[in-house]
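Please read the report below alongside the sequence and the coordinates.

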Amino acid sequence: LLGYTTIKDENLVDELLNQKNNIIKMNIATENKEELYRLLLKHNYNFSYSLCKAALEITNVNINKGNSLKLLTKAMNIDDNEVIVIGDDKNDISMFENFKNSFIIAHENNKDIQNKAKHILDKFIDLEKYIKED
């Protein structure tokens, strides 16, 4: 599997994670995401897990938003100082750590990671005051 796949049948998870394939990320939308999260932590899969508001995200341990964006900017010859990253959840921490122009949109569920980004925004639209036109 390549790219981003939404899985609604949690019975497929074990089969997918045990396969020799190129899974980068899975998003599992299930009411039992916390239970599934605890179950997956007991296994020795080569994936990391992030409980988000809507789903459980399962990501290949060698892939995250931060290092993926670094590879892209390098391939496109874009200076890291020209990149702005915006996030609001734990799966965005790698971007905050890899890019100095980092912003987090504050909400009740991310108070524990707001210090990971350089700037805190109340709303996405507030980013406008940080962007300067040349």
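## Basis

This is a predicted model, in which local features need pLDDT of at least 70 and side-chain atom pairs count only at pLDDT 80 or more, while totals for chains, interfaces and linings use all residues. Residues are numbered from 1 along each chain as its sequence is written, and side-chain values use heavy atoms, with hydrogens and water left out.

## Overall make-up

The protein has 4 helices and 7 strands. Helices (H or I, at least four residues) and strands (E, at least two) are DSSP runs, numbered from the N terminus. Read from the N terminus, the order of elements is β-α-β-α-β-β-α-β-α-β-β.

Of the 134 residues, 36% count as buried; buried means under 20% relative accessible area, exposed over 50%, and partly exposed in between (1.4 Å probe, protein chains only). The protein exposes about 9100 Å², and carbon and sulfur atoms supply 48% of that area. Accessible areas come from the Shrake-Rupley method with a 1.4 Å probe; for residues, only the protein chains shown count as cover. Among contacts (heavy atoms within 4.5 Å) between residues at least 6 apart in sequence, 31% join residues at least 24 apart.

## Helix H2

Helix H2 spans residues 33-42, and its buried residues are Lys 33, Leu 36 and Leu 40. These cover an arc of only 60° around the axis, so they sit on the same side of H2. The arc is that of the directions from the helix axis to the C-beta atoms. Glu 35, Arg 38 and Lys 42 are exposed residues on the face of H2 turned away from its buried side.

## Surface patch

A nonpolar patch on the surface is formed by Leu 72, Met 76 and Ile 78, with about 270 Å² of accessible area together. Patches are made of residues with over 30% relative accessible area and no salt bridge; like charges are joined within 9 Å, and nonpolar side chains (Val, Leu, Ile, Met, Phe, Trp, Tyr) within 5 Å. Ile 78 lies in the loop between helix H3 (65-75) and strand S5 (85-87), and is partly exposed, with a relative accessible area of 35%.

## Aromatic pair

Rings of Phe, Tyr and Trp (its six-membered ring) pair if their centres lie within 6.5 Å; planes under 30 degrees apart count as stacked, over 60 as edge-to-face and the rest as tilted. The count by this rule is 1 aromatic pair. The ring centres of Phe 103 and Tyr 130 are 4.9 Å apart and the planes are at 70°, so the pair is edge-to-face. Phe 103 lies in strand S6 (residues 102-105) and Tyr 130 in the segment after strand S7 (119-121), so the pair ties together parts that are 27 residues apart in sequence. Phe 103 is buried at 4% relative accessibility, whereas Tyr 130 is partly exposed at 33%.

## Salt bridges

The structure holds 5 salt bridges, a salt bridge being a side-chain nitrogen of Lys or Arg within 4 Å of a carboxyl oxygen of Asp or Glu. The table includes some of them.

| Pair | N to O distance |
|---|---|
| Asp 92 and Lys 65 | 2.6 Å |
| Lys 90 and Asp 112 | 3.5 Å |
| Lys 111 and Glu 108 | 3.4 Å |

In the bridge between Asp 92 and Lys 65, Asp 92 lies in the loop between S5 and helix H4 (93-98) and Lys 65 in helix H3, so the pair ties together parts that are 27 residues apart in sequence. Asp 92 is buried at 3% relative accessibility, and Lys 65 is partly exposed at 31%.

Lys 90 and Asp 112 also meet in a salt bridge; the pair links distant parts of the chain, with Lys 90 in the loop between S5 and H4 and Asp 112 in the loop between S6 and S7, 22 residues apart. Lys 90 is partly exposed, at 46% relative accessible area. In the bridge of Lys 111 with Glu 108, Lys 111 is exposed at 54% relative accessibility and Glu 108 is exposed at 60%.
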